[in-house]
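Reader: I am new to this structure and would like to go through it step by step. Could you show it to me before I ask anything?

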Amino acid sequence: MCLGIPGQVVRMLPGYGGQLALVDVAGEHRKVNVGMLPEETFVPGDWVIIHMGFAVEKTDHAGADAAMQGLELLGRGRDAEAPP
């Protein structure tokens with residue numbers, strides 16, 4: 001299992017063999033490589049799960065919300081633990 005961050009495609013970037021998208025991640029635009037998902041097409045508004053700068057999964061809004069909730073839960077769990 002890997003941790004992935006959800007993001008929403010803003011637009012595909014010209015060049016790069018159609019493998020680079022501009023993605024909104026928590027309000028910040030990031031360049032994300034979508035080349036690991038060659039069977040998918042991407043248009044503005046699509047949701048992706050990102051790991052290490054690569055889109056590893058195409059999802060929907062509900063999937064993106066679930067991923068974010070999982071990340072938030074992990075963050076709260078770390079804060080609640082006592083330091084070693």
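Reader: In which sense do strands E1 and E2 pair, and over how many bridges?

Author: This is a predicted model, and what follows is read from its computed coordinates. Strand E1 covers residues 5-12, and one of the places where the pairing can be followed is Met-12, whose bridge partner in E2 is Ala-21. Strands E1 and E2 pair in the antiparallel sense, over four bridges.

Reader: Which residue in E3 is the bridge partner of Ala-21?

Author: Strand E3, residues 28-33, runs antiparallel to E2 and is joined to it by six bridges. The two strands form a hairpin with two residues between them, and Ala-26 in the turn has a positive phi of about 55 degrees. In E3, the bridge partner of Ala-21 is Val-32.

Reader: Is strand E2 largely enclosed by the rest of the structure or largely open, and how many of its residues are buried?

Author: Strand E2 spans residues 20-25, and the count of buried residues decides the matter, taking buried to mean under 20% relative accessible area. Strand E2 is largely enclosed by the rest of the structure, because the number of its six residues that are buried is five.

Terms used. Residues are numbered from 1 along each chain as its sequence is written. This is a predicted model: local features need pLDDT of at least 70, side-chain atom pairs count only at pLDDT 80 or more; totals for chains, interfaces and linings use all residues. Side-chain values use heavy atoms; hydrogens and water are left out. Buried means under 20% relative accessible area, exposed over 50%, partly exposed in between (1.4 Å probe, protein chains only). Two strands pair if DSSP finds at least two bridges between them.
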